[in-house]
Amino acid sequence: MTSPIDVGILGATGVVGQQLASLLDGHPWFRLSWVAASERSAGRRYGDLPWRLPGLVPATAARLTVSPLDPDNAPVILFSALDAGVAGEAETAFARSGRIVVSNARNHRLDPLVPLVIPEVNAGHLSLLDAQRRERGWSGAIVTNPNCSTVFVAMVLAALDGFQPSRALVTTLQAVSGAGHPGVSALDILGNVIPFIPGEEEKIERETRKILGRLDNGGVADAAMVLSAQTTRVAVHDGHTALMSIALDRTPSIEEVADALARFRGDAEVSALPSAPAAPIVVATGHDRPQPRLDAWTSGGMAVTCGRLRRCPVLGYKLVALGHNTIRGAAGAALLNAELLVSRERRLRATQAEAVAWPAEARAMDPLPGTLSPV
Ligand code: NAP
């Protein structure tokens, strides 16, 4: 047993920040010891601010005083759930100050030196951190997770990698919690579908290609796959649905596609992480599933549920994928990335390897006390 690792949240008061505080409550490796948000919230007790998740604000978090975005006293590992308007500069400042920022925000995702990671899909992209540290001169680091719809799309396409996906059409039906708080006005969304979410279609198309890309010459060469996305906001509380039509270069049967989805796994290190679902993709058998209200919480919100797998007369195969947008699409995705970083660091230390270890300054403020053995 080792002591818990202190972690903090930037943007702790928002939809994703609260979900992170909730997931960190009782976490086996991490202890939430620091929270930060805007000047509006700074100086206030976290437990006195509005809590928008079911149940009470976790007791450990409730006692914390909200800090401004100032690296002084911040722990080494920080989750970022900051509004994109401030995340870019703030995350850079924290990385420069030796912090390892595990971010939900869009700002750094497409930076060629920043890993955009789904542990089951492209854990190897963490090796970009070497070049990031060298070229940016940061004593800390930034690692990002994808946009909340991209993660589900990329997981499905990664699971079908053996059949060589070449093109995909994606139409999303996205929950209102994906727009933050207070988000979309009730008058706009009730009884309605809004066929435009700024920047969302481009994120799905571009981020997916980076995630599925391969390491090449110190960077990531995007996957050649062609994607076309249409995104809509619907009056669902939690859970983004993605209707996907996919062209595969190979010609598997529907049963073989279903089997590939159900058997999809990360490597052994990823599967052993505390927040990793036993099966990252669950194939629903009911003809009318997945549904946000019934399936978004599958495996604590960390699994993608796929259903309605059938032939598509245009691209060959089609299916419906669904995931919890603030868990696997945001807070849970960042948590899994942080667990992967810690697991990898422990493994590297145990084997005395020198590659991809944490920055020296981060080691100096060592959050991993004692002699560690591989997880
Ligand atoms: P949100 O509810 O609007 O929360 C935004 C957070 O940023 C709040 O803690 C807010 O603090 C803080 N903030 C805003 N302006 C600030 C400033 N000038 N200085 C310091 N802090 C500031 O947003 P969200 O939905 O949680 O999303 C957070 C991030 O995750 C965004 O970048 C978003 O794009 C991304 N994301 C969201 C989802 C989702 O499903 N919601 C999914 C994937 C990614 P105050 O409360 O003090 O204003």
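The structure holds 0 disulfides, where a disulfide is a pair of cysteine sulfur atoms within 2.5 Å. In general, a disulfide is a covalent bond between the sulfur atoms of two cysteines. Take C148: the nearest cysteine sulfur belongs to C306 and is 17 Å away. For C312 the nearest cysteine sulfur is again that of C306, 15 Å away. C148 is buried, with a relative accessible area of 13%, and C312 is buried at 10%. Here buried means under 20% relative accessible area, exposed means over 50%, and partly exposed lies in between (1.4 Å probe, protein chains only).

Before going on, keep in mind that this is a predicted model: local features need pLDDT of at least 70, side-chain atom pairs count only at pLDDT 80 or more, and totals for chains, interfaces and linings use all residues. Residues are numbered from 1 along each chain as its sequence is written, and side-chain values use heavy atoms, with hydrogens and water left out.

Now let's follow C312 to one of its neighbours. S245 touches C312, along with R167, A168, L169, L315, Y317 and K318, not counting residues up to four places away in sequence; contact means heavy atoms within 4.5 Å. S245 lies in strand β12 (residues 240-248). Helices (H or I, at least four residues) and strands (E, at least two) are DSSP runs, numbered from the N terminus. How far apart in sequence and in space are S245 and Y317? They are 72 residues apart in sequence and 5.7 Å apart in space, C-alpha to C-alpha. S245 itself counts as buried, at 14% relative accessibility.

Helix α1 (residues 15-24) has 7 of its 10 residues buried: V16, G17, Q18, Q19, L20, A21 and L24. These buried residues pack against β1 (5-10), β2 (30-36), β4 (77-80) and α12. Just after α1 comes G26, with a positive phi of about 80 degrees.

Helix α12 (residues 327-350) is mostly covered too, with 22 of its 24 residues buried. At A333 this helix bends by about 45 degrees, the bend being the angle between axes fitted to the seven residues ending there and the seven starting there.

How do α1 and α12 meet? Their axes are 9 Å apart and the packing angle is about 50 degrees. That makes α1 oblique to α12, because angles under 35 degrees count as roughly parallel, over 145 as roughly antiparallel, 65 to 115 as roughly perpendicular and the rest as oblique. The axes are lines fitted to C-alpha atoms, for helices over the stretch in contact, and angles run from 0 to 180 degrees between N-to-C directions. On the α1 side the contact is made by V16, Q19, L20, L23 and L24, and on the α12 side by I327, A330, A331, G332 and L335.

Finally, visit some backbone details. Most residues other than glycine have a negative phi, and most peptide bonds are trans. A cis peptide bond joins H181 and P182, with omega about 5 degrees, and P182 sits in the loop between β7 (165-174) and α7 (186-189). Another cis bond joins R289 and P290, with omega about 10 degrees.

N73 has a positive phi near 70 degrees and is exposed, with a relative accessible area of 71%. R308 has a positive phi of about 55 degrees; it lies in strand β14 (residues 304-312) and counts as partly exposed at 40%.
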